[in-house]
Amino acid sequence: MKASNPNPALSAVLRAGQPVTGHRPWPRFVVNVEIWNTLLAGLAKGRWNLLGLWAEPSMIHLAVHQVESETLSVASLPCPTGTFPSVGRWHPPAQRLERTITDLVGLLPDASPDLRPWLDHGRWPHRYPLGSSIAPTEAMPPYPFLPVEGESLHQIPVGPVHAGIIEPGHFRFTANGEAVVRLEERLGYVHKGIERLLNGAPLERVARLVGRVSGDSTVSYAWAFARAVEAATATEIPARAAWLRALMAELERLANHCGDIGAICNDAAFALMLAHCAVLREQVLRASATCFGHRLLMDCVIPGGVAVDLSADGVSLLRALIVEMRRAFPPLIKLYDHTPSLQDRTANTGTLNPMLAHQFGCGGVIGRAAGRAFDARRQPGYPPYDQLEFTVPTRRESDVNARVWVRIREVEQSLALIEQILERLPSGPLCEALNRPEQVVEGMALIEGFRGDILLWLRLAADGTVACCHPRDPSWFQWPLLEAVIEGNIVADFPLCNKSFNCSYSGHDL
Amino acid sequence: MRKLLLQNVWRSPLTLPAPAPSAQALAELGAKVDQLAHQRLGRSLAIREVDAGSCNGCELEIHALNNAFYDLERFGFHFVASPRHADVLLVTGPVTHNMREALERTYAATPDPKWVVAVGDCGRDGGVFAGSYACVGGVAEVIPVDLHIPGCPPTPLQLLEGLLALLQVA
């Protein structure tokens, strides 16, 4: 692999490709292998971040983001022979995405270091469901876990059915006494085949499905889909709709962070925090239900705007919620901060190497607790956050404690954001009819959910249905890091590490 | 911490009064549960939750059953960590092909007498995911189901009504 310019700007590299018309708001280029390889070299050197990697039967798409130059683009490489130069070979964060592409579409990464299947467990009626969709000719061999060698090592297989009320996945621990030597994740159990259900479906159905990719992030997913559709069709939404979306998204963040702070403490057997945080969470959900008619706010954000207006008593109700949260939350923070037995479990546990957070482009609380200040509300940014004041809290310790503190600070920020939104909520219509482009158009969006940045890319057919759609959960770049942070920790601290990450299984397995 | 605990001793509880058991659920259950099981289990039921493919929305609301407002344990229900300790399997999601065997094995590991409650629209018939190559469909396609609690996701109150119906007949 050779790059002519030792430090090229992303836009300069992509300019050599063929721009695709009708792709908004960021450009897409069809590239050749040479440009593709230059992009991979830049990824490997950390010049730009991997935002997503997905494929169609004859083409692979790579979304990259150079934060400093504010360049976000998609590069598409045609794959006439059914193969493509492996991204994961140079940039490990792409490996699971590549394995998924092989499982779903059938394209093969050339010279990939890991060709094992990922989402395909050999149980679907056909292989390559997004590609040739052929019946499997032979049974899939048992999944080869990575070998671990050494004296006095033992293995602990956990899952897919876990002890708590959580989603299914398999964890294979190799331990030396109490200390974890290696954790290997095996995911894909909740793969529902969502992408194929989206292909060819009308907008209303896609909105419902995308809102159920990961139930805890339903507002953020629905917003990402709506924004991508609006970008593709060049539709301007009413100001009130954008502000109400932000209100819902902050309620979602508030509810999830409250739940997570309590649940992390509960995994250190400090149930008192869970009891109180669960009450706060419930109060947020009840307020959401009264204001918008659904506790989790499902199906409230739709392409073109929002489906429901804030109820008449909504503003006063939410103001009361903020007062109550500001009364009840600080004593809980104090309780967390002043309980040494709890701190003993969370401080210096599950420390993430900040280099890894940067390499993986790890977003959300996990990235910010490791000093990576990325927040999609800021960059690339989207309305109404450009008119709202908020800070993006970060920490440097990148342990469980830091992840709790980032959540605590984000709860405070969300409360302040909700306050500002209620203060300045514009009046006007809730929804705008979408423009009919009468030709194939493409759109994408990057939305900050409570877990991190959600990428959504789509192509609309001329008849207005969704030709294809790819949602990428933030968990793709977080799950692999959980394997890294647990190394050297004791097995009993895994629940703490896992809960402090709180990755989505459903969002990842799709 | 002491102050926080003391304050809560004097404060009136947040817990809601118990809802009436859901009439629809009672009708579905009526014929299925016999007197013997009632005598053996009394009014204490151990629940094992199994996510067989859900979007995690149902899990969030099942979690909420344990908060101070709904306080599921006051009715004798408690969540357990193993199917071997369970009387009730609370199953969510369209059952995915990748989870089918795990669900079957969880069912087989649960001692008799046992009940299966399918939670959510997906647990009933696959919901929005019905027809996907990766989904088997509703829970009843894989294991016998005694009670459905529909909703997307069902609210904690709806879950409570359904489970109370189970307690009345069980």
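**Conventions.** I number residues from 1 along each chain as its sequence is written, with chains lettered from A and ligands numbered from 1 in the order in which they are written. Since this is a predicted model, I kept local features at pLDDT of at least 70 and side-chain atom pairs at pLDDT 80 or more, while totals for chains, interfaces and linings use all residues, and side-chain values use heavy atoms, with hydrogens and water left out.

**Sheet in chain A.** I looked up an open sheet of three strands, which has the order β9-β10-β11 in chain A with antiparallel pairing; strands are DSSP runs of E with at least two residues, helices are runs of H or I with at least four, both numbered from the N terminus, and two strands pair if DSSP finds at least two bridges between them. I noted that β9 (154-158) and β11 (179-186) of chain A are the edge strands, each with a single partner, so one side of each is left without a neighbour in the sheet. Strand β10 (residues 170-176) of chain A pairs with β11(A) in the antiparallel sense over seven bridges, and R172(A) has E184(A) in β11(A) as its bridge partner.

**Interface of chains A and B.** I then found 49 residues of chain B in contact (heavy atoms within 4.5 Å) with 54 residues of chain A. The two chains bury about 4,000 Å² between them, 63% of it on carbon and sulfur atoms, where buried area is the accessible area (1.4 Å probe) that two parts lose on being put together, summed over both. On the side of chain B, N98(B), V128(B) and Y133(B) lose the most area to chain A, together 21% of what that side buries.

I find two salt bridges across this interface, the rule being a side-chain nitrogen of Lys or Arg within 4 Å of a carboxyl oxygen of Asp or Glu. E61(B) forms a salt bridge with R295(A), and their closest N and O atoms are 2.5 Å apart. Among the elements that give two or more residues to the side of chain B touching chain A are α1 (2-10) and α5 (97-109) of chain B, but the largest share, seven residues, comes from α4(B).

**Backbone features in chain A.** I recorded a cis peptide bond between R24(A) and P25(A), with omega about -5 degrees, and P25(A) lies in the loop between β2 (23-24) and β3 (28-30) of chain A. The peptide bond from G159(A) to P160(A) is also cis, with omega near 15 degrees, and P160(A) is in the loop between β9 and β10 of chain A.
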